Amino acid sequence: MTTPDLSVDIGGLQLQNPVMTASGTFGYAMEFKSLIDLDRLGGAIVKGLSLEPTKGNPPPRIVETDCGMLNAIGLENVGLDAFIQKKVPFLSKLKIPVLANIYGHTVEAYARLAEQLDEVAALAGIEVNISCPNVKQGGVAFGTDARMAHQVVQAVRRNYSGYVLVKLSPNVTDITQIAKSVEDAGADGISLINTLTGMAIDIHSRRPKIANITGGLSGPAIRPVAVRMVWQVAQAVNVPVIGIGGIMCTEDALEFIIAGATAVQVGTANFVNPRTTIEVIEGITSYLQTHGMVSIKELIGTVRTP
Ligand SMILES: Cc1cc2nc3c(=O)[nH]c(=O)nc-3n(C[C@H](O)[C@H](O)[C@H](O)COP(=O)(O)O)c2cc1C
């Protein structure tokens with residue numbers, strides 16, 4: 001049986017297959033090197049990066065919920081300098097595209113990160129997390145306001161010459177409006193979704209189960225929301241869409257691809273089964289063979305709606 005072609009182009013960046021890892025669930029990739037062959041992945045997105053080191057929120061920061069988890073890690077990370085000195089040397093040895101995921105609390109912080117990462121040749125691109133609060137606009141998340149989302153992506157675009165993926169927040173009324181504004185600002189691709197804001201309460205102590213009170217919901221519980229948003233955005237923009245949200249197995253990834261995603265990212269599943277990405281790559285290959293397809297491109301966006 002011939003091996004189908006799994007390669008995809010996500011807006012100027014070529015991937016050998018459509019399966020990537022989601023930021024914050026895969027460390028700096030090195031943590032998974034003894035668990036899977038990293039060079040088999042379509043690509044890897046590493047932990048969200050800020051200009052300065054960030055300690056994150058106090059514990060408890062994670063709680064399991066029905067079909068998912070709530071987290072309020074608070075974007076703990078080593079900061080730009082330590083990332084370049086201590087993490088990039090390992091990442092530069094990988095044969096797959098690696099993207100840094102960036103965030104800031106001002107437009108200027110995003111712009112500076114983009115400018116400095118433009119010098120890091122080992123990176124194939126950056127993924128801009130716009131789910132963060134804008135401290136200059138009363139803490140409203142950049143990604144929940146089309147104008148602010150546009151501003152931040154435009155500032156990054158001006159300072160970064162490589163591939164720019166923009167990751168959308170699902171905590172909005174009309175996801176297509178935000179998607180169109182970041183496309184207009186120069187995004188090469190759009191990834192979605194980030195976590196949905198949630199809350200869980202211990203009924204005996206009557207305290208929130210996580211110290212931050214609210215957290216981001218991820219895992220299978222959010223998948224139908226994510227598939228719906230990917231389907232809507234894929235129709236609204238011309239750049240490729242990368243689907244994220246509750247992918248635990250091959251069937252889940254295929255759902256996103258059929259909805260219109262050119263590639264997918266695996267997140268929470270990495271904590272449950274670190275081999276999920278590899279199993280999904282193998283599963284997609286089998287699915288294409290079973291359905292007589294020679295390329296993954298024959299499947300993207302083929303959902304049959306009336
Ligand atoms: C523990 C944890 C940490 C995360 N950290 C980040 C991050 O640093 N940057 C980011 O853009 N998304 C982050 N995310 C969101 C994931 O990348 C992903 O968008 C979300 O969890 C939905 O996918 P999933 O259901 O497959 O986990 C994090 C998610 C989890 C569970």
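## Surface patch, nonpolar cores and cysteines

The model described here is predicted. Isoleucine 213 sits in the loop that links strand S15 (207-208) to strand S16 (214-218). Together with Met199 and Ile201, Ile213 makes up a nonpolar patch on the surface, and the accessible area of the three residues together is about 290 Å².

The largest nonpolar core comprises 98 residues, and the residues with the most contacts inside it are Phe83, Leu117, Ile130, Leu168 and Leu192. Another core, of five residues, lies apart from it and includes Leu70, Ala72, Ala200 and Ile210.

Which residues does leucine 168 touch, when its neighbours within four places in sequence are left aside? Leucine 168 is then in contact with Ile130, Ser131, Ile175, Ile178, Ala179, Val182, Ile190, Ser191, Leu192, Ile193 and Asn194.

The cysteines form a separate topic. The structure holds zero disulfides. Cysteine 249 takes part in no disulfide: the nearest cysteine sulfur belongs to cysteine 67 and is 13 Å away.

| Residue | Relative accessible area | Class |
|---|---|---|
| Cysteine 132 | 3% | buried |
| Cysteine 249 | 29% | partly exposed |

Conventions. Residues numbered from 1 in each chain as written. Predicted model: local features only at pLDDT ≥ 70, side-chain atom pairs only at ≥ 80, totals over all residues. Heavy atoms only, no water. Core = buried A, V, L, I, M, F, W, Y, C linked by side-chain atoms within 4.5 Å. Buried < 20%, exposed > 50% of the residue type's maximum accessible area, 1.4 Å probe, protein only. Contact = heavy atoms within 4.5 Å. Disulfide = S-S within 2.5 Å. Patch = residues over 30% accessible without salt bridge, like charges linked within 9 Å, V, L, I, M, F, W, Y side chains within 5 Å. Areas by Shrake-Rupley, 256 points an atom, 1.4 Å probe, with all protein chains shown as cover. Salt bridge = Lys/Arg side-chain N within 4 Å of Asp/Glu carboxyl O. Helix = DSSP H or I, 4+ residues; strand = E, 2+ residues; numbered from the N terminus.
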